[in-house]
Amino acid sequence: MKILYFDLFSGCSGDMILGALLDLGADFEAVRQGLAALPVTGYRLEVGRVLRGGIAATRLTVHVEGQEHKHVHGRVHDRARAGEHEHDYDHDHEHEHEHEQRDQPSTINHQLSTLSQPPTHDHRTFAQIRDMIAAAPLAPAVRERATAIFEHLAVAEGKIHGRPPETVHFHEVGAVDSIVDIVGICLALDGLGFDGFACSAANVGSGTVRCAHGVLPVPAPATAELLRGFPVYSAHFAGELVTPTGAAVLRTLVAAPGRLPAGTLLRTGWGAGGREHPDGPNALRLLAIETADAGADTEVSVLECNLDDMIPELVGELADTLRAAGALDVFLTPVQMKKSRPGTLLTLLCRPADAPRFAEELLARSTTFGVRTHHCAREVLDRRNLAVDTPYGAVSVKAGLRRGRLLKATPEFEDCRRLAAAAGVPAAAVYQAAAAAVAAGWDNLVRRLEAGDA
């Protein structure tokens, strides 16, 4: 399995995560095109290489037209700077803003991508953002993950301010850059194809932060709510280090915080904050790790509940949300309940350490009054990711090995569908071409795996 590990020694924010994913190898043009499919206008993306504490990192900035807006992550908060942090939506926004801040001479180079639509400055509720993402021409995994991140953010903000999540407002600039950060992260993750996520303890910073509701302690209330259950600490850097958007991404992706997975380190990516820290790099480090043996996951928890009084569309949405939150699998089975009522058996598979969290999610999000949990032994194949060439382009292939022996290799359907749309052919044609390439090049795939080219 390929695991993405968040090293949170200097916290994280939405723009730092996206910058680190680009540094890790995510396709910036694919992210830009995916964002252009959303009905969000009046912004431009700037991505460049800068130095943070002597470390070269990728800096991603969202400029909203008509606003001198720039993410400035991790600033000291004291009396002299009391007015520097202003939230741009009605409920604590995740980024600090400084109208005149610019990267210092540490800038190495930069690339600018401009989207020249007229600016839009409107209020967007979580419900509106959710519907916008649902209607956008995005891959299902991108839609599900982005919606789950926004939902976690809205639920936390709603709880802090005593409002239903659907009515939480993301105001003007905050709405635009939050959407760009969150959907951009999901697009980048979809392209990189990780199987799981983990993170270190989070350095949340210290001091206070000024927002629309006055001066608040760090971590901000929404951040603290989102990080419940995560290991946290405060050291080295003053200011707000983990932002609500960063915390919402962690809450959605990471099932097992605080552990560095054993495996082979494939590559690293660095995402820069907006300015230098005097005590170290203001940056997020991501580590791509291939676990030494996916077969080591020999236990799985199975959670079940029966649903016969829940709107069917909401059952499907619940399953999507649970998958995006890190469940290994979620599936639905039609059953006959008492008095011959039709119902649905929801079954969720997860790692044993995550069973309590998912039991709480099921009790909170569904109509059930109880969740059954049992633990099973399992055998799984070691998984590797390869690519094969087809007349339509390269297609990712999921290879399954048992004790080093290649047993199966299956084309990734989302790749096939994307290439088919670009070529104007049925997805089945691309899938068949990829399957034929796998069959014809089986021996070559074996050699590549033995050489570590996966």
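At what angle do the axes of H4 and helix H8 (residues 312-324) cross, and within what distance do they come? In this predicted model, the two axes cross at roughly 85° and come within 9 Å. With 65 to 115 degrees counting as roughly perpendicular, H4 and H8 are therefore roughly perpendicular to each other. On the H4 side, the residues that meet H8 are Glu-144, Arg-145, Ala-148 and Glu-151. Their counterparts in H8 are Asp-320, Thr-321 and Ala-324. Sorted by class, the residues of this contact come out as 4 charged, 2 nonpolar and 1 polar.

Helix H4 (140-161) turns up again in the second largest pocket, where it gives two or more residues to the lining. This pocket holds about 660 Å³ of space. It is lined by 22 residues, and those closest to its centre are Arg-228, Arg-251, Arg-357, Glu-360 and Glu-361. Besides H4, the elements that give two or more residues to the lining are helix H6 (221-226), strand E14 (256-257) and helix H9 (355-365). Of these, H9 provides the largest share, with 6 residues. As for the make-up of the lining, 11 residues are nonpolar and 9 are charged, with 2 polar ones alongside.

Further along the chain there is a sheet to look at. Strands of a sheet pair through backbone hydrogen bonds, either parallel or antiparallel. Here the pairing is antiparallel, and 3 strands make up an open sheet in the order E21-E22-E23. Strand E21 (382-390) and strand E23 (405-411) sit at the edges, each pairing on one side only. On average, and with direction ignored, neighbouring strands of the sheet are turned by 30° against each other. Strand E22 (residues 393-402) runs antiparallel to E23 and is joined to E23 by 6 bridges. Within this pair of strands, Lys-398 has Thr-410 in E23 as its bridge partner.

Two helices go with this sheet. Helix H11 (residues 427-440) packs on the sheet and touches E21, E22 and E23. The direction of H11 makes about 110° with that of E21. Helix H12 (residues 442-450) also lies across E21, E22 and E23, in this case running at about 115° to E23.

Terms used:
Residues numbered from 1 in each chain as written. Predicted model: local features only at pLDDT ≥ 70, side-chain atom pairs only at ≥ 80, totals over all residues. Heavy atoms only, no water. 1 Å grid on protein atoms, 1.4 Å probe; cavity = no way out; pocket = protein on both sides within 12 Å on 5 of 7 lines; lining within 4 Å. Points joined across faces, edges and corners; volume = space filled by probe spheres on them. Helix = DSSP H or I, 4+ residues; strand = E, 2+ residues; numbered from the N terminus. Nonpolar A, V, L, I, M, F, W, Y, C, P; charged D, E, K, R; others polar. Pairing = 2+ DSSP bridges. Axes fitted to C-alpha atoms, helices over the stretch in contact; angles between N-to-C directions. Contact = heavy atoms within 4.5 Å. Parallel < 35°, antiparallel > 145°, perpendicular 65-115°, else oblique.
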